[in-house]
Amino acid sequence: MWSPFKLICDPLKDTVLKIAVLGMSENTSSVFLYFMEKYFSEECQLVDPDDAQEFIVNFDSSRGKKQWKKLPQAKQLSAILVADTDPQKSGCQWLPKPLEGSKLVPAIRELIQNQEGSSDKKSEQHRPNKEPTPNTTPSGKLPVEMPQAEASLKKRSVGYSQKINEQSAIELDLSAGDIEDCCGKEDDAKYTDAKHIYYDDENTLLAPLKKAVQVARQEKCGVELSGASTSICIFPGGEEIYIELDDRVFRHFCIMPLSKGVNLQRTDVSKLQSQKMLANNKEHIHPAESIIWKIALWTSRGRLPKDIKIDQAIKMQFWPDFTRLQITPYALRITSLWISQSLSPLQVARFLEIPLRYVFAVASAAHSLEAISFENDDNRSVSIGSGRSSPNLFNNILRRLRVRG
Amino acid sequence: MANLNDYKIIFTGPVGAGKTTAIASISDKPPVSTNKLASDFTSRIKSETTVAMDYGMMNLDDGAVLHLYGTPGQERFNFMWDILITGGIGLVLLIDNRRKNPFGDLSFYLNAFKKFIEETGVVIGITGMDVKAEPTHREYRNELKRLGLEVPIFTIDARHKRDIVVMLEALLFSLVSKEPLTKS
C-alpha cells in the first residue's frame with residue numbers, strides 16, 4: 001500500500017500527536033501531509049494507521065469506513081469524520097464536505113488538546129511549552145501569519161496603478177504586412193475627415209456575411225452567399241464557415257466595395273456536408289467568430305464602422321475569444337479598458353498613448369461580433385497619467401512572457 | 001526562500017483540466033511538488049511521494065520571481081485553497097469542457113474563490129473543446145453574463161504556450177484596468 005509516512009516518523013518527537021488519514025486518495029493524503037507539516041509541525045505528525053493515535057476518516061469512502069470500524073472503540077470515538085452528511089457517530093467530530101481549512105484547523109487542535117489532557121507528566125516534561133506555534137492560532141482560526149513565502153507575499157502592493165508599456169508577446173507574432181492588412185498604416189494626423197475615419201460595412205462583404213450567420217443560427221439551416229467574389233457557405237447553426245479562397249487572397253476582396261448585391265440562399269445540409277467533405281484542406285473551413293473578426297479587421301484597415309463615432313463612449317460587453325482570434329497590437333489592453341470603462345475610441349487611444357488605428361481596428365472587429373454597446377455618457381474625458389516610464393511588475397512579467405511566448 | 005520580490009498566480013480547476021500542463025508550458029523549470037519545497041521536509045520524504053500541488057516559477061527582472069501554483073486536492077477536500085491563495089495576485093481557472101457539468105464546475109470554482117477574485121482578478125480557460133464542442137464559448141459568455149461577470153474567458157489548449165500567454169496577459173491587463181481612470 002502507498003505510504004509516504006513511514007519515513008517521516010521522528011523517534012525524537014515522542015510527544016507529538018500521531019494522526020493517520022483513512023479512505024483518502026494519494027493526492028488528498030499528500031495534501032494533508034503538506035498541511036500538517038506546514039501548520040502543525042511541532043504538534044502533530046501524519047503516520048501510518050498502525051502507528052496512529054488519532055484518525056481523520058473520509059467517511060464517504062467504503063474503504064475509510066471499513067478501516068474505521070476495525071479501530072479500537074476508543075480510537076473510533078475520537079476520530080474526525082469527513083463526510084457529506086453527519087454520520088451521527090457520538091463522540092466523533094464531523095466535518096462536512098467540502099472540507100474547509102477554517103474548520104479543519106480547530107478540529108485538529110481539539111485532538112491535540114485532548115491528547116495533551118490525557119498525557120502523563122513525562123510527556124509534559126518533553127514539551128514544556130504548550131503555547132501555540134507561530135503557524136497556528138489558539139482560536140482555531142486559520143493562521144494569520146503565513147510561513148515563509150506567504151508571509152512575504154501577504155498584502156503587498158503590486159503597482160496596479162502604474163501603466164504598462166511593454167509590448168505583449170502575442171502582439172509581436174504579427175508581421176508588418178499582417179498589421180497593415182488589419183490596422184492600416186495611417187498616422188493619427190491623417191484622421192482629419194470622416195472619409196479617413198469611417199467605413200460603411202453595408203457596401204462590403206461583412207454585412208451580408210453577418211446576416212447570413214444570423215440566419216444560420218436562428219433557423220439552424222445552411223446558408224450560401226452568392227454574388228461574392230468567392231464561394232462562401234455557412235454551415236447549419238452558424239458556427240463554421242467555408243470560404244473557397246485562401247486567407248492571403250481573400251483579405252484583399254474584403255476591402256473592395258461590392259459592385260452588386262450579395263444574395264443569401266438557404267441551402268440543404270447534405271450539399272454543405274459534401275462540400276465540407278470535399279474541402280480536404282481544413283484551412284478553408286473557419287470558426288465563424290474567428291473569420292468574421294478577421295474580415296472586420298481586413299475591411300476596416302484601421303477605420304471605424306460608421307455606427308461608432310470617434311468621440312462616442314462605448315463599452316465592450318464581453319472578452320472576445322482571443323486565443324482563437326487574430327490579435328492586433330494592443331488588442332488585449334484596449335479590450336481590458338473597454339470592458340471596465342465606457343470610453344470613446346479617442347479617449348482609449350489617448351489614455352493608452354497608442355495610435356488611433358489600433359483602437360479603431362479593435363472597435364471594428366468587436367462590433368462585428370456584437371460585443372460593443374453604446375453609452376450615453378459621451379462627455380467623459382480621462383486624465384493621462386505620466387507613469388509610463390516606470391517599470392513595474394506587469395511590465396516585468398510581460399517581458400518574460402515575450403521571451404517565452 | 002521567498003523574498004519581497006516574489007509574487008504568485010494560482011491555477012485552479014477540476015482534476016484533469018490542464019493545470020499541470022499549463023504551468024509547465026510557461027514555467028522556467030519543470031513543475032515540481034511543493035512537498036519537495038519544504039526545506040526541512042525534503043530530506044525526509046521519498047522521491048515517489050505523490051505530488052500535492054503543482055508548482056512552477058518564472059524568473060523576472062531585478063531578481064523578482066513569479067510563482068505559479070496549481071491548487072491541490074479534489075473539490076471535496078479543498079482545505080488548502082484558502083491558505084494557498086494568500087498573497088496571490090490573480091487566479092487562472094481552467095474548466096474541462098469534457099466533464100459532465102462544466103457550468104456547474106464554473107459556478108463551483110467562481111464561488112469557492114469569490115472573495116479572492118473580487119480582491120484580485122480571474123481569467124478562465126476552457127479546455128477539451130476539441131473533444132467536446134458544447135457548451136460553446138458563446139454559451140460560456142452568456143453564462144458569465146448571467147452570473148454578472150465580465151471576466152476574460154478563452155478557449156485554450158493547455159499544451160499551447162501561446163494560449164497560456166494570452167490568458168496571463170489578459171489577466172494582467174484586466175487587473176490594471178480594475179483601477180478606475182481619473183475623470184477630469
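Modeller: In chain A, 72% of the contacts between residues at least 6 apart in sequence join residues at least 24 apart, where contact means heavy atoms within 4.5 Å. This is a predicted model, in which local features need pLDDT of at least 70 and side-chain atom pairs count only at pLDDT 80 or more, while totals for chains, interfaces and linings use all residues. Residues are numbered from 1 along each chain as its sequence is written, chains are lettered from A and ligands numbered from 1 in the order in which they are written, and side-chain values use heavy atoms, with hydrogens and water left out.

Colleague: What makes helix 12 of chain A oblique to helix 15 of chain A?

Modeller: Helix 12 (residues 288-300) and helix 15 (residues 356-368) of chain A pack at an angle of about 140°, with their axes 8 Å apart. Angles under 35 degrees count as roughly parallel, over 145 as roughly antiparallel, 65 to 115 as roughly perpendicular and the rest as oblique, and therefore helix 12 of chain A is oblique to helix 15 of chain A. The contact includes A:Ile292, A:Trp293 and A:Leu297 of helix 12 and A:Ala361, A:Ala365 and A:Ser368 of helix 15 of chain A.

Colleague: How many residues of each class does the contact of helix 12 with helix 15 of chain A have?

Modeller: That contact has seven nonpolar, three polar and no charged residues, with Ala, Val, Leu, Ile, Met, Phe, Trp, Tyr, Cys and Pro counted as nonpolar, Asp, Glu, Lys and Arg as charged, and the others, Gly among them, as polar.

Colleague: How do you know which face of helix 10 of chain A the buried residues line?

Modeller: The buried residues of helix 10 (residues 247-254) of chain A are A:Asp247, A:Phe250, A:Arg251 and A:Cys254, buried meaning under 20% relative accessible area, exposed over 50% and partly exposed in between (1.4 Å probe, protein chains only). Seen down the axis of helix 10 of chain A, these residues fall within an arc of 105°, so they line one face of the helix; the arc is that of the directions from the helix axis to the C-beta atoms.

Colleague: Why is A:Arg301 called partly exposed, and why is A:Glu370 called exposed?

Modeller: A:Arg301, in the loop between helix 12 and strand 12 (304-305) of chain A, has a relative accessibility of 26% and therefore counts as partly exposed. A:Glu370, in the loop between helix 15 and strand 14 (372-374) of chain A, has a relative accessible area of 64% and so is exposed. Neither residue is a glycine, yet phi is positive, at about 40° in A:Arg301 and near 60° in A:Glu370.

Terms used: Axes fitted to C-alpha atoms, helices over the stretch in contact; angles between N-to-C directions. Helix = DSSP H or I, 4+ residues; strand = E, 2+ residues; numbered from the N terminus.
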